[in-house]
Amino acid sequence: AERDIYYLVLDGFGRADILRSYYDLDITAFLDFLTANGFQVPPAARSNYSQTFLSLASTLNLTYLDDLASVTGETTRDRRPLDHMIDQNALMKAAKATGYRVFAVGSDYAATRTIDIADVCICEHRGLAELEHEALISTPLAPFALARWTYDAHRTKVLETLDAVEGLALAPG
C-alpha cells in the first residue's frame, strides 16, 4: 500500500542546530519521531515571506503575492487585502467545495483572529489586541503587571484552543 507522506516545514526551525544555537533547545528526538512516523522534514526549509501576514495569505491561497503587489504596490502598509485573502482563502473554499466542513480556531493575532470562510470559527478573543497592547505600553501604566495579565490571557487562549481542537476532531465532516 502506498504510504501517505506528510510535510512539516518549520521555516528554518526544522534545523535542530538553529534552535540549539539560539535557544539551547535540542529537538532532534522530536524530528526523529516525526520522520519515523511518515513526515518529511526538509533540513533547511525557508518561508517565502518574512512576515506572518504575507506567509498566511500566500499559503492559504496556494499562490505567491506578486499579483497583489502589482495592484497595491510593493511598499504598501495596508493589510486589508491580506486580511481579505486570509478570511476568504482558496484552500478552505476548495475544502468546502468538496464537501468538507471547515473549522477554524482563531488566535489573538490580528491575521487569524477570525476566519470568515470557516463554517465554524472558535474565535473567542482573550487579552489585548496588538494595537491595544502597543498603546498601553507607551503609557505610565506599562510597569504594572501587564505582562502577567497578557501572559495569562494568552495561556488561557492556548489551552482553550487545544481543548477545541480535541473536540473538533470528533465532529462529523
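Colleague: Is Cys121 buried, partly exposed or exposed, and at what relative accessible area?

Modeller: First off, this is a predicted model, where local features need pLDDT of at least 70, side-chain atom pairs count only at pLDDT 80 or more, and totals for chains, interfaces and linings use all residues. Residues are numbered from 1 along each chain as its sequence is written, and side-chain values use heavy atoms, with hydrogens and water left out. Buried means under 20% relative accessible area and exposed over 50%, with partly exposed in between (1.4 Å probe, protein chains only). On that scale Cys121 is partly exposed, at 29%.

Colleague: Which cysteine does the disulfide join to Cys121?

Modeller: The structure holds 1 disulfide, meaning a pair of cysteine sulfur atoms within 2.5 Å. Its S to S distance is 1.7 Å.

Colleague: Which helices do the buried residues of α3 pack against?

Modeller: Helices (H or I, at least four residues) and strands (E, at least two) are DSSP runs, numbered from the N terminus. In α3, residues 52–60, the buried ones are Phe53, Ser55, Ala57, Ser58 and Leu60. They pack against α5 (80–87) and α6 (90–97).

Colleague: Where is confidence lowest in the protein chain, and where is it highest?

Modeller: pLDDT is the predictor's confidence in each residue, from 0 to 100. The chain averages 80, with 86% of the residues scoring at least 70. Over residues 1–14 pLDDT stays under 50. The lowest is strand β1 (residues 6–7), at a mean of 44, and the highest, at 95, is α6.

How values were computed:
Contact means heavy atoms within 4.5 Å.
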